[in-house]
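Some labels in a structural description rest on a cut-off. The questions below ask what stands behind each one.

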Amino acid sequence: MSTASKTSVIPRKVDALKSCTQGATYEGIIMPQDMPRLSAAVVTIQREVAAKVSFFRDESNYRVVTGEFDALVSVQCERCLSALDYDLHAEMDLAIVISELQLENLPKECEGWLLDENTDADLYEAIEEELLLALPIVSYHDLADCSAQGQYSTGDFEEPVPEKKNPFAVLGRLKLADKADSTDKES
Ligand SMILES: [Zn+2]
């Protein structure tokens, strides 16, 4: 991948049928804010999602779209509830169909993507779907890296209070700092 292609944003809407005929490949990035469902499913999407999508007709003349996507996200460790980085990788391999009948007639090993012939396909939505499916159901730090290690020696898993959800924690700290400032210069 060249630097130039990495920094270009791939289009959201593409004419999938024409792209298959042309054998078009779209390679570039998608901005994190264009992946709202993925954003909601993780702590943060740390940088642009790298994507490469190819449209073509395969040897059986099916219209096919394949793709590879990479995202760096933060997910919550279910043991210590702090964030950990996760390299999210997803792939796409779909047969493009334009009717229910075509969808039914696909070979059973093929996953279909039913599109309206007259409407451009939403590439971002399809890519986001694949990334969501590739997310781990639960995530944990490696035991050695987890801040909760050794805290639950009884085996009972107590639910710790998540710190980051409390919007007043910052406020409380500010107030304390204020007080400290006015009464005591020592920090
Ligand atoms: Zn952890």
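The model here is a predicted one.

Q: What is the secondary structure of the protein chain?
A: It comes to six helices and eight strands. Along the sequence the pattern is α-β-α-β-α-β-β-β-β-α-β-β-α-α.

Q: Why is Ala71 called buried?
A: The label needs 20 or more other C-beta atoms within 10 Å. Ala71 has 26, so Ala71 is buried. Its place is in strand β5 (residues 63-76). Of the 187 residues in the protein chain, buried ones make up 18%.

Q: What is Ala71 in contact with, leaving aside its neighbours within four places in sequence?
A: Ile45, Val49, Leu88 and Leu131. A contact requires C-beta atoms within 7 Å, so these four residues meet that limit with Ala71. Ala90 is 19 residues from Ala71 in sequence, and the two C-alpha atoms are 8.7 Å apart.

Q: Which residues touch the most other members of the largest nonpolar core?
A: Of its 27 residues, they are Ala51, Val65, Phe69, Ala71, Ile96 and Leu131. The elements giving two or more residues to this core are β4 (49-57), β5, β6 (83-97) and α5. The most come from β6, with six residues. In soluble globular proteins, nonpolar side chains tend to be buried together.

Q: How do you know that the span of helix α5 agrees with its number of residues?
A: Helix α5 (residues 123-134) has 12 residues, which at 1.5 Å a residue should span 16 Å. The end C-alpha atoms of α5 are 17 Å apart, so the two values agree.

Q: What puts the buried residues of α5 on the same side of the helix?
A: The buried residues of α5 are Leu123, Ile127, Glu128 and Leu131. They cover an arc of only 125 degrees around the axis, which puts them on the same side of α5. An α-helix has 3.6 residues a turn, so residues three or four places apart point the same way.

Note on methods. Residues are numbered from 1 along each chain as its sequence is written. This is a predicted model: local features need pLDDT of at least 70, side-chain atom pairs count only at pLDDT 80 or more; totals for chains, interfaces and linings use all residues. Helices (H or I, at least four residues) and strands (E, at least two) are DSSP runs, numbered from the N terminus. A residue is buried if 20 or more other C-beta atoms lie within 10 Å of its own, exposed if 12 or fewer, and partly exposed in between; C-beta atoms are placed from the backbone. Two residues are in contact if their C-beta atoms, placed from the backbone, lie within 7 Å. The expected span of a helix is 1.5 Å times one less than its number of residues. The arc is that of the directions from the helix axis to the C-beta atoms. A nonpolar core is a set of buried Ala, Val, Leu, Ile, Met, Phe, Trp, Tyr and Cys residues joined through C-beta atoms within 7 Å.
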